Amino acid sequence: LEFLIGKQLPYIALGLFNFLLMTALAVTVFDVPLKGSFATLALAALDAEGKASYSFYRDGVADRQVTAAALTAACAALPDLQVVATGCLALVAQDAAIYQPWLAAQRAAGRMVVVDANLRLSAVDDAEAYRANVMAALQHAHLIKVSDDDLEALAVPGATVLERAHYLQQQTQAQWLALTL
């Protein structure tokens, strides 16, 4: 207990203070509006195998308050925009009507499309629909970023992680694939 209070509590307090300070600066100095729930947080922990495990709160978050038309218009308003990127929970099946048309429009407009699979199966109710939507999004990508965990979650065939990564790239139009281990 003495260790927790004396050594760890100051770091927790400093982290909380830093979070509040950064939020205040974002709102007051940079005029970033706070929309949705202030409690939109991602909590991380390690599972029994030592891998990161996440908990998400997604109600009212910004990536769920947009439309494909608004995203496409925002990109079109930036004539020098050359690269767009998305991934992770923006690729849940419930948001397919937002992100799939936008990704297609960006590719058609000649922009480089980057998709970071970054699957979070623990955050979705329908893992199969999520996987299918991620695979559909990867079809629009010029560059795919996946981890060994993503390849496993997508059930990509292959004996080694490099074989699975190569197989995934061959199933898409992507020219490049970045693999993290």
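Author: A nonpolar core here is a set of buried Ala, Val, Leu, Ile, Met, Phe, Trp, Tyr and Cys residues joined through side-chain atoms within 4.5 Å. Please keep in mind throughout that this is a predicted model.

Reader: Which residues of the largest nonpolar core touch the most other members?

Author: The largest nonpolar core holds 31 residues, and the elements that give two or more residues to this core include helix 2, strand 4 (112–116) and helix 4 (127–138). The members that touch the most others are Val115, Tyr130 and Val134.

Reader: Why do the buried residues of helix 2 line one face of the helix?

Author: In helix 2, which spans residues 68–76, Ala68, Leu71 and Cys75 are buried. An α-helix has 3.6 residues a turn, so residues three or four places apart point the same way. Seen down the axis of helix 2, the buried residues line one face because they fall within an arc of 70°.

Reader: Which exposed residues does the face of helix 2 turned away from its buried side carry?

Author: The buried residues of helix 2 are covered by elements including strand 3 (83–87) and helix 3 (96–108). On the face turned away from that buried side, the exposed residues are Ala69 and Ala76.

Reader: Is Phe30 buried or exposed?

Author: Phe30 lies in the loop between helix 1 (2–28) and strand 1 (42–46), and is one of the residues that make a nonpolar surface patch of about 790 Å², together with others including Leu14 and Phe17. Exposed means over 50% relative accessible area, and since the value for Phe30 is 62%, Phe30 is exposed.

Technical notes. Residues numbered from 1 in each chain as written. Predicted model: local features only at pLDDT ≥ 70, side-chain atom pairs only at ≥ 80, totals over all residues. Heavy atoms only, no water. Buried < 20%, exposed > 50% of the residue type's maximum accessible area, 1.4 Å probe, protein only. Helix = DSSP H or I, 4+ residues; strand = E, 2+ residues; numbered from the N terminus. Arc of directions from axis to C-beta. Contact = heavy atoms within 4.5 Å. Patch = residues over 30% accessible without salt bridge, like charges linked within 9 Å, V, L, I, M, F, W, Y side chains within 5 Å. Areas by Shrake-Rupley, 256 points an atom, 1.4 Å probe, with all protein chains shown as cover. Salt bridge = Lys/Arg side-chain N within 4 Å of Asp/Glu carboxyl O.
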